[in-house]
Amino acid sequence: MVWFKRKSPGLRIQKRKEMPDGLWVKCEGCGEIIYKKQLAENSYVCTRCDFHFKISSRDYISLLLDADSFQETDATMEAVDFLNFKDTKKYPERLKSAIQQTGLKDAIRIGHGKIEQKPVVFGVMDFSFIGGSMGSVVGEKVARAVDYAREKKLPLIIVSATGGARMMESIISLMQMAKTASRLARFSDEGGFYISILTNPTTAGVVASYAMLGDIHIAEPGALIGFAGPRVIKQTIGQDLPEGFQRSQFQLEHGFVDMIVNRKQMKSTLNRLISMFTD
Amino acid sequence: MGEIVLDFERPIVELEKKITEMKAYAVEENVELADEIKRLETRLYRLMQDTYSKLNRWQRVQLARHPNRPYTLDYVERIFTDFIEIHGDRQFADDPALVAGLARLNGEPVVVLGQQKGRTTKEKLYRNFGMMNPEGYRKALRVMKLAAKFKKPVVILIDTPGAYPGIGAEERGQGEAIARNLFEMSHLPVPIIIVIIGEGASGGALGIGVGDRILMMENAWYSVISPEACAAILWRDSTKGVLAAEALKLTAGDLIELGVIDEVIQEPVGGAQRAYDEAARKVKEHIVKNLDSIRDIPPAVLIENRINKYGKMGFFKE
C-alpha cells in the first residue's frame with residue numbers, strides 16, 4: 001500500500017537552451033512568445049520585459065563592435081588534457097563535444113576591434129563552451145589580451161559569462177586567477193583602462209579575479225554575479241535566499257558594479273566611457 | 001588532545017598500544033622483555049614507513065584535515081618570537097578566521113598571516129572553521145600593505161576549507177575581496193613566502209596565496225575545489241571524494257610536478273600531528289632558506305619575476 005501519493009508530478013527538469021530552434025521563442029522572464037527575428041533585432045532582449053537572453057560571443061562581437069572591425073588573435077589556442085582527467089566522462093571527450101557543438105576552440109575569444117571608430121582590445125567569453133569555464137586557455141588569452149592592450153596603449157574590454165574555474169584542469173585553473181590578476185595589476189600600474197562587463201552568469205573564479213578588477217564594472221540587467229553559487233550558500237546556511245540575491249541590482253546596491261546597462265545601450269555606453277578616459 | 005584515529009592508521013595505533021602495554025608490564029612485573037619490545041618497535045617503524053609512503057590522495061586529504069594537525073598559531077609560536085597580533089580590516093570588522101601580526105624570524109621583523117582553525121567546538125565556531133569572510137581578505141591586505149610600507153617580508157600560512165559561502169559574505173563582496181588581493185599581492189614590493197600547511201581550498205586559499213615562493217607540506221592538499229564539492233558537481237555524489245581526489249591531483253607531489261609549488265616540506269613520519277616541534281622546525285628551515293634566496297632582489301625585479309612565475313602556469317596548444 002502506498003501511504004503517500006504524489007498529487008502533482010515532481011520537479012520537472014527543463015533543459016535550458018541558449019537560443020531554441022524554430023521561428024518563435026518563449027521569454028524565460030515573462031513567458032511572452034516572441035518572433036525570433038524581432039528578438040534578434042532587439043539585441044536578444046525581450047520586447048516586453050527586458051529579459052536578457054544568453055547570447056554567444058559572436059553576438060556580442062556584432063553588437064558591441066563596429067561591423068567587420070573585429071580581428072581575432074590566438075584563435076587556434078586549444079586546451080590539452082595534462083592531468084588525464086576523468087569524471088563520468090573524459091576531459092578530451094568533453095572538449096571535443098564542446099568544440100563540435102559551439103564551433104569554438106575554448107570559452108573565450110580575444111582580439112582587437114573598434115567601437116565607433118575607436119580601437120579597443122576586446123575579449124568575450126562564451127557560456128556555451130563547458131559553462132564558460134576558465135582553464136589554461138581562458139587564463140592565457142585574458143593575459144595576452146591585457147598585454148596587448150598594454151603594448152598598444154588601448155582600452156581593454158572583457159565580457160564575462162562563466163560558471164568559474166574549470167575543474168578538469170584543477171590547480172592550474174585556479175592559478176589562472178593569479179595569472180590574469182597579476183597582468184591586470186601591471187596594466188593598471190601603467191595607466192591602462194579596463195572595462196569589465198558582467199553578463200549572466202559571472203561567478204566563482206572569474207568574479208574572484210579579472211571580472212571584478214575593472215576600472216569600471218558594467219552589469220547586464222538580471223545577471224547572476226557572485227563568488228559562491230546560490231545552491232552552495234543555501235546548503236551552508238540552511239535557509240532560502242532572498243529574492244534577487246546576487247543579481248545585478250544586488251551588486252549595484254552593495255557597491256560592486258558601477259552601473260547596470262541594457263544590452264541595447266551597451267555600445268553607446270562603452271563609447272562614452274572610452275572617450276572620457278582617453279580624450 | 002583526544003585520540004583520533006584515521007582508518008589507515010588503525011594497525012599502527014594498535015601496535016603502538018601493544019608496545020606501551022608491554023613496556024608497562026615489563027616495569028611492573030620486573031621482567032626482561034627488551035628483545036621483544038625492540039622487535040615490535042622495528043615492526044612498527046616498518047609499518048609506518050610502509051603505510052605513509054603509500055598513502056593515496058584521499059588519505060592525504062584525511063591527514064591534512066586531521067583534528068590534531070598543527071594549525072597556524074601552533075606554527076607561529078614555534079617558528080617566530082615576539083608575535084604581536086593585530087586585528088581588523090579598518091572597514092567593517094575583524095575576521096578571527098585569519099590571524100595576522102608582526103613577529104621576529106631569527107630576530108628579523110616580518111609580517112605573518114594565516115588562516116586559523118579551531119580545536120574545540122567553541123573555538124571552531126569562533127574561527128568559522130578557518131573560512132574567511134571578505135573582511136578577512138581585506139584585513140590580510142591591510143596588513144600586507146603595512147609590510148610594504150615598512151619594507152618587511154610577508155610569511156603566509158594557508159589552511160582553509162574554503163572562503164565562507166554565506167549571504168553576508170556575498171553582500172560584502174567575497175569575489176571582489178579575493179580578486180583585489182590577487183591584484184595587490186602580485187605587485188606588493190616585498191618578498192612573500194607562502195606555506196600550505198593543511199588545506200588549500202580554491203579561491204579561499206589563493207586569496208592570500210600569491211607569492212614569490214610557494215612551499216607545501218607533504219600531507220597538505222591544494223586544489224581548485226574540494227574533492228567532495230567536485231564529486232557533488234561532476235559525479236553528482238558528494239561521497240565520491242576518493243575518486244575526485246585522485247582526478248584532481250591535489251597533493252604536494254602532484255603540484256611540484258605541475259610547477260605550481262616550489263618545494264615540498266617533509267613531515268615527521270605519520271604526519272605533522274605526531275610531532276609539532278619537528279614539523280615546525282622543518283617549516284622554519286624552508287621559510288628561512290627561501291627568504292634568504294630572495295631577500296636582496298630589488299622590488300621591481302621581484303614583482304616582474306612574480307608576474308612571470310604565474311604567467312608560466314598553464315598548458316595548451318597553439
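This report covers salt bridges and one surface patch in a predicted model.

Local features need pLDDT of at least 70, and side-chain atom pairs count only at pLDDT 80 or more. Residues are numbered from 1 along each chain as its sequence is written.

**Salt bridges**

Side chains of opposite charge can pair when their charged atoms come close. A salt bridge here is a side-chain nitrogen of Lys or Arg within 4 Å of a carboxyl oxygen of Asp or Glu. Over all chains, the search finds 43 of them.

| Pair | N to O distance |
|---|---|
| D66(A) and K267(A) | 2.7 Å |
| R144(A) and E140(A) | 2.8 Å |
| E41(B) and K23(B) | 3.0 Å |

Take D66(A) and K267(A), which form a salt bridge. They are 201 residues apart: D66(A) sits in the loop between α2 (57–64) and β3 (71–73), K267(A) in helix α9 (residues 263–278). Buried means under 20% relative accessible area, exposed over 50%, and partly exposed in between (1.4 Å probe, protein chains only). D66(A) is buried at 13%. K267(A) is buried at 17%.

R144(A) and E140(A) lie four residues apart in helix α4 (residues 136–152), so about one helical turn separates them. E140(A) is buried at 8%, while R144(A) is partly exposed at 22%.

**Surface patch**

L23(A), W24(A), I33(A) and Y35(A) make a nonpolar surface patch of about 450 Å². Patch residues have over 30% relative accessible area and no salt bridge; nonpolar side chains are joined within 5 Å, like charges within 9 Å. L23(A) is exposed, at 56%.

Conventions. Chains lettered and ligands numbered in written order. Heavy atoms only, no water. Areas by Shrake-Rupley, 256 points an atom, 1.4 Å probe, with all protein chains shown as cover. Helix = DSSP H or I, 4+ residues; strand = E, 2+ residues; numbered from the N terminus.
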